[in-house]
Amino acid sequence: RLEPDPYRLSAALLEARLHQRALDALGELAAPSIEAPALRALGRYDEALVAYRRWLEQVPGSRTARFGLAWSHWFLEDLDAAEAVFASLGGPDADYGLALIANRRGDVAAASRLLVSTGVASRLWLATSLLERDGRLEEAVDVYLRLAAGDSDYADDAAWRVRVLGLRADRSDWLA
């Protein structure tokens with residue numbers, strides 16, 4: 001309430017995840033870098049797309065705006081558009097988006113490969129769920145063992161899961 005500058009106030013409210021209040025603080029002012037993420041967080045994806053495009057007009061190379069554009073397309077179920085943007089971005093976060101698209105399209109092999117390529121423990125854990133559901137236990141165990149050897153919060157659960165699968169599949173090598 002003490003901040004007189006509407007841009008700084010709006011940015012602070014966005015940072016605090018008070019998305020509607022951030023938009024309200026802008027009033028009639030334009031700030032696509034504030035509007036776009038606030039609109040996306042509020043589930044107003046069509047409007048967010050417009051704001052992300054305005055942001056990219058102002059800052060053509062913004063990875064943040066491009067990611068926002070990709071995720072907005074994702075939430076609008078425009079998978080081809082989302083895939084094109086994610087593919088152009090590259091890197092682990094883009095691979096995560098591509099993995100979700102592959103999974104939605106039913107390509108478990110691509111989805112799990114992309115999730116594993118990120119190296120992020122929570123995404124590796126997601127890959128194991130996809131692999132198990134698809135009956136690809138050998139591959140799931142490989143990922144579980146990778147997690148178990150690490151220091152993430154998933155390590156103990158991954159080791160336990162290998163044991164459970166070893167008992168179910170009568171695999172002494174997995175039990176070891």
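Student: How much of the chain counts as buried?
Tutor: Of its 176 residues, 41% count as buried. Keep in mind that this is a predicted model.

Student: What is the radius of gyration, against that of a compact globule?
Tutor: The chain has 21 Å, whereas a compact globule of 176 residues would have a value near 16 Å. Along the principal axes, the C-alpha atoms fill a box of roughly 65 × 35 × 25 Å.

Student: What share of the contacts joins residues at least 24 apart?
Tutor: That share is 29%, taken among contacts between residues at least 6 apart in sequence.

Student: Now the core. Which residues have the most contacts inside the largest nonpolar one?
Tutor: Tyr52, Trp74 and Phe86 do, in a core of 53 residues.

Student: What does phenylalanine 86 touch?
Tutor: Leaving out residues up to four places away in sequence, Phe86 touches Phe67, Ala70, Trp71, Ala94, Gly97, Leu98 and Ile101.

Student: Serine 72 next. Where is it found?
Tutor: Serine 72 is in helix α5, which covers residues 63-75.

Student: Why does serine 72 count as buried?
Tutor: Because its relative accessibility is 0%, and buried means under 20%.

Student: What does serine 72 touch?
Tutor: Beyond residues up to four places away in sequence, serine 72 touches Arg40, Tyr45, Ala48, Leu49 and Tyr52. Tyr52 is also one of the residues with the most contacts inside the largest nonpolar core.

Student: And histidine 73, buried or exposed?
Tutor: Histidine 73 is buried, with a relative accessible area of 7%. Its place is in helix α5.

Student: Which residues does histidine 73 touch?
Tutor: Leu49, Arg53, Asp78, Ala81 and Ala82, again not counting residues up to four places away in sequence. Histidine 73 and leucine 49 are 24 residues apart in sequence, and their C-alpha atoms are 7.6 Å apart in space.

Student: Switching to helix α2. Leucine 26, buried or exposed?
Tutor: Leucine 26 counts as buried, at 3% relative accessibility. The residue lies in helix α2.

Student: What is leucine 26 in contact with?
Tutor: Setting aside neighbours within four places in sequence, leucine 26 is in contact with Pro6, Tyr7, Ser10, Ala31, Ile34 and Glu35.

Student: Backbone now. What is phi of arginine 17?
Tutor: It is positive, about 65 degrees, although arginine 17 is not a glycine. Arginine 17 lies in the loop between α1 (6-15) and α2 (19-26).

Student: Why is arginine 17 counted as exposed?
Tutor: Because its relative accessible area is 67%, and exposed means over 50%.

Student: And what about phi of aspartate 170?
Tutor: Near 55 degrees, also a positive value in a residue other than glycine. Aspartate 170 sits in the loop between α11 (155-169) and α12 (172-175). At 69% relative accessibility, aspartate 170 counts as exposed.

Student: Last one, charges. How many positive and negative side chains?
Tutor: There are 21 positive and 27 negative side chains, and the centres of the two sets lie 1 Å apart.

Methods
Residues numbered from 1 in each chain as written. Predicted model: local features only at pLDDT ≥ 70, side-chain atom pairs only at ≥ 80, totals over all residues. Heavy atoms only, no water. Rg over C-alpha atoms; globule rule 2.2 N^0.38 Å. Buried < 20%, exposed > 50% of the residue type's maximum accessible area, 1.4 Å probe, protein only. Contact = heavy atoms within 4.5 Å. Lys, Arg positive; Asp, Glu negative; His and termini not counted. Charge placed at Lys NZ, Arg CZ, Asp CG, Glu CD. Core = buried A, V, L, I, M, F, W, Y, C linked by side-chain atoms within 4.5 Å. Helix = DSSP H or I, 4+ residues; strand = E, 2+ residues; numbered from the N terminus.
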